[in-house]
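Hi everyone, thanks for coming.

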Amino acid sequence: MDFEQMAEMDIAHHILTQKKKPMHYKELITEVIEAKHKPVQSLAMAISEIYTMMNMDSRFHYEGEGKWGLTEWVPPEVKRSSSRASGGAAKTAITKEAARKKKLESIQN
């Protein structure tokens, strides 16, 4: 496969697809740079640039502990967990508001 003509994110996606498991971002980005045969003046700058692109690309999912995988590997219920958490926070806020109102009513009466 001719990686030199491919975008970095397409190469990263291909690498993860082949490995079939999450990878630490430094290892993944190093493989991308090596596959692209792109001369790099500053490795830290290249890592930062590619990491930022990966963070913005919806095909990639942060697994934790510096590891990245593909969004397609994440079960649907995990993807929605953040919306459930905010729903729980909303219920807590409503409960606290109801408790405040009850206290105000008891003080006023």
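**A quick tour, starting from a loop**

Let's begin with Lys20, which sits in the loop between H1 and S1. Before I go on, please keep in mind that this is a predicted model. Lys20 isn't a glycine, yet its phi is positive, at about 60 degrees. As a reminder, most residues other than glycine have a negative phi. And is Lys20 buried or exposed? Its relative accessible area is 67%, so Lys20 counts as exposed.

There's another residue like that. Glu65 is also not a glycine, and its phi is positive, near 55 degrees. You'll find Glu65 in the loop between S2 and S3. Its relative accessibility is 75%, so Glu65 is exposed too.

Okay, on to the sheet. Three strands make up an open sheet, ordered S1-S3-S2, with antiparallel pairing. At the edges you have strand S1, residues 23–24, and strand S2, residues 60–64, each pairing on one side only. S2 is joined to strand S3, residues 67–70, by four bridges, and the two run antiparallel. If you want a spot to look at, find His61, which stands opposite Gly69 in S3. Then there's helix H1, residues 8–19, which packs on the sheet and touches S1, S2 and S3. The direction of H1 makes about 85 degrees with that of S3.

Now the other helices. At what angle do helix H2 and helix H3 pack? For H2, residues 25–36, and H3, residues 43–56, the angle is about 105 degrees, and their axes are 10 Å apart. Angles of 65 to 115 degrees count as roughly perpendicular, so that's what we call H2 relative to H3. On the H2 side, the contact is made by Tyr25, Leu28, Ile29, Val32 and Ile33. H3 brings in Leu43, Ala46, Ile47, Ile50, Tyr51 and Met54. What kind of residues are in this contact? Eleven are nonpolar, with no polar and no charged ones.

In soluble globular proteins, nonpolar side chains tend to be buried together. Here, the largest nonpolar core has 19 residues, and Leu28, Met54 and Phe60 have the most contacts inside it. H1, H2, H3 and S3 each supply at least two residues of this core. Take Met54: leaving aside residues up to four places away in sequence, Met54 touches Met9, Tyr25, Leu28, Ile29, Phe60 and Trp68.

Key:
Residues numbered from 1 in each chain as written. Predicted model: local features only at pLDDT ≥ 70, side-chain atom pairs only at ≥ 80, totals over all residues. Heavy atoms only, no water. Pairing = 2+ DSSP bridges. Contact = heavy atoms within 4.5 Å. Axes fitted to C-alpha atoms, helices over the stretch in contact; angles between N-to-C directions. Parallel < 35°, antiparallel > 145°, perpendicular 65-115°, else oblique. Nonpolar A, V, L, I, M, F, W, Y, C, P; charged D, E, K, R; others polar. Core = buried A, V, L, I, M, F, W, Y, C linked by side-chain atoms within 4.5 Å. Buried < 20%, exposed > 50% of the residue type's maximum accessible area, 1.4 Å probe, protein only.
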